[in-house]
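Here is a walk through one structure, taken in two stops. Keep the 3D view open as you read.

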Amino acid sequence: MNLTADFHTHTPYSHGKNTVLENALRAKEIGLAAIGVTDHGFSHCLFGLRRKEVSSLVGECRAAERETGVRVLVGVESNIRGLSGKCDLDERDYENFDLYLAGVHIVIKYETWSDSRLGWGGWMRDKLKVKPSARAVRDATTAYLNAVKKNPIDIVTHLNYQTHADAVEVAKCCRDYGTYLEISAKKSHLTDEELAAVAATGVRFVIDSDAHSADRVGDCALASEQIERVGIPLSQIDNIEGRMPSFRFAAFKQKM
Ligand SMILES: [Zn+2]
Ligand SMILES: [Zn+2]
């Protein structure tokens with residue numbers, strides 16, 4: 001499987017090890033046409049990109065693109081901050097970014113105190129190895145659905161990491177709104193059975209490394225293994241074999 005672009009990489013703007021340029025140089029070395037620089041969103045308490053850093057992030061991405069010839073997209077991995085679907089980017093931020101990812105994380109400023117159960121509840125269940133309640137699944141599903149409906153999100157990252165949504169319902173919503181579901185090559189949070197059911201909805205996929213160091217940029221080994229086991233048609237994945245996704249955020253901005 002030949003990756004065309006890796007849309008989920010981190011740099012020291014969050015807690016990645018290597019610079020934008022170093023990630024782009026690695027992308028060039030392995031023949032990628034594009035990368036997304038997608039550090040954690042503003043509401044992350046420990047590793048979040050700060051609004052005052054955005055102009056220097058943009059400068060580094062444009063400079064790395066000129067130097068390497070690899071398309072370097074200014075992105076963000078926004079946090080889904082609560083059941084309302086609130087994310088990190090406001091419309092005033094849109095002009096600064098090319099690529100909009102979103103996922104559930106802990107150690108963030110949730111929209112309300114009770115929204116903290118979205119990530120922390122899942123984190124606790126994973127630690128204690130207990131099954132999520134019907135209410136927990138309903139709440140997590142609501143958060144993802146509202147996020148996808150209310151924000152022009154390009155890619156939902158690592159679905160069900162530290163939370164437990166109904167993956168099929170989230171996939172149907174992504175399919176209907178033109179949002180990609182990520183197959184993460186860092187770690188899978190869906191069982192083979194869940195991924196098969198998700199794929200059956202017809203949702204479009206991208207494979208991402210979620211690299212936190214340059215040596216992992218473009219690494220899709222773990223995702224490839226699961227895709228092969230599950231038997232997902234490669235035609236359902238839009239960032240391989242020379243293909244590039246058609247992203248929703250860019251189209252949304254053109255109409256603004
Ligand atoms: Zn993440
Ligand atoms: Zn990430």
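Thr141, Tyr144, Leu145, Val148 and Lys149 of helix α4 touch Glu169, Val170, Cys173, Cys174 and Tyr177 of helix α5. This is a predicted model. By class, the contact of α4 with α5 holds seven nonpolar residues, one polar residue and two charged ones.

Now take the geometry of this pair. Helix α4 covers residues 134–150, and helix α5 covers residues 167–177. Their axes come within 9 Å and cross at roughly 5 degrees. Angles under 35 degrees count as roughly parallel, and α4 and α5 are therefore roughly parallel to each other.

Move on to the metal. Which atoms coordinate the zinc ion (ligand 2)? The donors are His8 (NE2), His10 (NE2), Glu77 (OE) and Asp210 (OD), at 2.0 to 2.4 Å. Along the sequence, these donor residues follow the spacing H-x1-H-x66-E-x132-D. The angles among the four donor atoms run from 79 to 168 degrees, and the site is irregular. A tetrahedral site would need all angles between 85 and 135 degrees.

Glu77 bridges the zinc ion (ligand 2) and the zinc ion (ligand 1). The two ions lie 3.4 Å apart.

His8 sits in strand β1 (residues 5–9) and Glu77 in strand β3 (residues 71–79), so the pair ties together parts 69 residues apart in sequence. His8, at 0% relative accessibility, counts as buried. Glu77, at 1%, counts as buried too.

Methods: Residues are numbered from 1 along each chain as its sequence is written. Chains are lettered from A and ligands numbered from 1 in the order in which they are written. This is a predicted model: local features need pLDDT of at least 70, side-chain atom pairs count only at pLDDT 80 or more; totals for chains, interfaces and linings use all residues. Side-chain values use heavy atoms; hydrogens and water are left out. Axes are lines fitted to C-alpha atoms, for helices over the stretch in contact, and angles run from 0 to 180 degrees between N-to-C directions. Helices (H or I, at least four residues) and strands (E, at least two) are DSSP runs, numbered from the N terminus. Angles under 35 degrees count as roughly parallel, over 145 as roughly antiparallel, 65 to 115 as roughly perpendicular and the rest as oblique. Contact means heavy atoms within 4.5 Å. Ala, Val, Leu, Ile, Met, Phe, Trp, Tyr, Cys and Pro count as nonpolar, Asp, Glu, Lys and Arg as charged, and the others, Gly among them, as polar. Donors are N, O and S atoms within 2.8 Å of the metal (3.2 Å for Na, K and Ca); water is not among the atoms, so sites may look incomplete. Four donors count as tetrahedral if all angles lie between 85 and 135 degrees; four count as square planar and six as octahedral if opposite donors are over 155 degrees apart and all others between 65 and 115; anything else is irregular. Buried means under 20% relative accessible area, exposed over 50%, partly exposed in between (1.4 Å probe, protein chains only).
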